[in-house]
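Please keep the sequence and the model in view while reading.

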Amino acid sequence: MSITRLLGTMWRVGREERLSRCRMLEVQKLRLRRLLEHVLSHSTFYRTYYRTYGITADKLDGLELRHLPPIDKQIVMEHFDALVCDPAITRAGIERFLHDCDDPGVRYKGMYHVMHTSGSTGQPALFVYGAGDWRIAQALVGTRVLRYRPTLGRIRYAFLVKSCGHYAGIQLAQSASRLGFKRLVLSIDDPIDRTLERLQRFQPHLLGGYPSGLAMLAEQQLQGNLHILPRKIIASGEHLDRGARALIESAFATRPVNLYAASESLAFGASCPHHKGIHLFDDWHCFEIDGAPGGARGRLTLTNLYNYTQPLIRYEMTDEIELADTPCPCGWPFLLAKDVTGRTEERLWFEKADGTRDCIHPAVIATLYTPGLAKLQAVQTGPRELLLRLKTTGRSEEIILQVKREVAKALRQKHLDRDISIRTEIVDEIPNDPGTGKYKLVVPYPPAKLPAGNTP
């Protein structure tokens, strides 16, 4: 990617931070109109779907977002080939690509960033970004989250993510310019002692990763097993709860920036230095909270205004958002969320034969993908036992082998493969947790959390 074009996009994104709220909403409305014109010209699915509601290219004047029918993950996957705006992109082609290549630096057809996830619902999904889409996501993160400004020296930036495979976090981390950053990618699948050793030697200026992974590093810092002084910490990919935030701040003497991101959009929003909540970047997105006005709390329906390759318009998510009723002192024109509640999954702690323990991050389960896998759940049935419950639509034997192979690889990286047994179970459905009424991707075995002072 041309660094000149990226810097130009960053300049444009930065300029929009200074718009008035009224002017920013005009920009949002214009971008929605352009996106609708694009999908009606290039997406067979949207053109057909909207026509059944009487929506055609010549009837966009006066059309409001709420007039459009919603979609969800199931619709996106069932109509994948017709929904994407490049006929060269196919679900079967992407699945072959993912099967043959797990290097996140390789792009589908040499040009598309592809990511897969099972997410918090356990239902696998694919997401695709073209070069222009990706550049805007990069600019949003670089300008509004990292607050990057060119310097004489390179910034040492360490990431603790799922590092092998086509996932959002690792692809975004690797796309940081080598001109401005010296990068260290740490895998959540590595043994803790190896991660600590590499991080200690690197001494990062910036530290990024999943909140649960950052909290784990904070525990190690407080226990004296790690000694680093990052200037800024970026937490993303999971819900950053108060406990994790306090632990990270206590260990590193800096409050983490909360980047609200997912495969559906790599930059929904972020907290600012005032930390009054999360600013939702609604110049590049439309956020609907159960269709209610400001101040309400409810589930999110998203419209991504910058992904022209796989457009998501009125896409229903499981995240819950509570909007703030007062503006942030920072002066940003963006919608302010008091709280964003995504899915928080616990780590799976396993015992080794020598009595020590190590964990499997929930991202290992959330990022599992194989054709024919409709839904999954990981249930830890004992200190050294893991049950994978699978709902399939394809050849179950092949799916079981592929899923077990991926989980075994993660266990092997943690040196847990000789101690942990994996079982599989094909089921017709995976119900929600009867206690909470919500779906649980990961079910830990008590005690799920590492006791204080117990060093793996």
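1. Basis. The model is predicted, with local features requiring pLDDT of at least 70 and side-chain atom pairs counting only at pLDDT 80 or more, whereas totals for chains, interfaces and linings use all residues. Residues are numbered from 1 along each chain as its sequence is written, and side-chain values use heavy atoms, with hydrogens and water left out.

2. Overall dimensions. The radius of gyration of the chain is 22 Å, which agrees with the value near 23 Å that a compact globule of 456 residues would have. This radius is taken over C-alpha atoms, and the globule rule is 2.2 Å times the number of residues to the power 0.38. The C-alpha trace spans about 70 × 55 × 45 Å along its principal axes.

3. Secondary structure and contacts. The chain contains 13 helices and 19 strands (DSSP runs, H or I of at least four residues for helices and E of at least two for strands, numbered from the N terminus). Among contacts (heavy atoms within 4.5 Å) with a separation of 6 or more, 66% join residues 24 or more positions apart.

4. Burial and cores. Of the 456 residues, 56% are buried (under 20% relative accessible area; exposed is over 50% and partly exposed in between, with a 1.4 Å probe and protein chains only). The largest nonpolar core has 121 residues, and Y50, I94, L207, F252, L266 and I321 touch the most other members. Such a core is a set of buried Ala, Val, Leu, Ile, Met, Phe, Trp, Tyr and Cys residues joined through side-chain atoms within 4.5 Å. A second, separate core comprises 27 residues, including L376, L388, I400 and I430.

5. L266. Beyond its neighbours within four places in sequence, L266 is in contact with residues including M115, Y129, W134, L172 and Y306.

6. D283. This residue occupies the loop between β9 (278-280) and β10 (285-289). D283 counts as buried because its relative accessibility is 0%. Not counting residues up to four places away in sequence, D283 touches E16, M24, Q28, R31, R144, L305 and F334.

7. A374. Strand β16 (residues 373-382) holds A374. A374 counts as partly exposed because its relative accessibility is 22%. A374 and R245 are 129 residues apart in sequence, and their C-alpha atoms are 34 Å apart in space.
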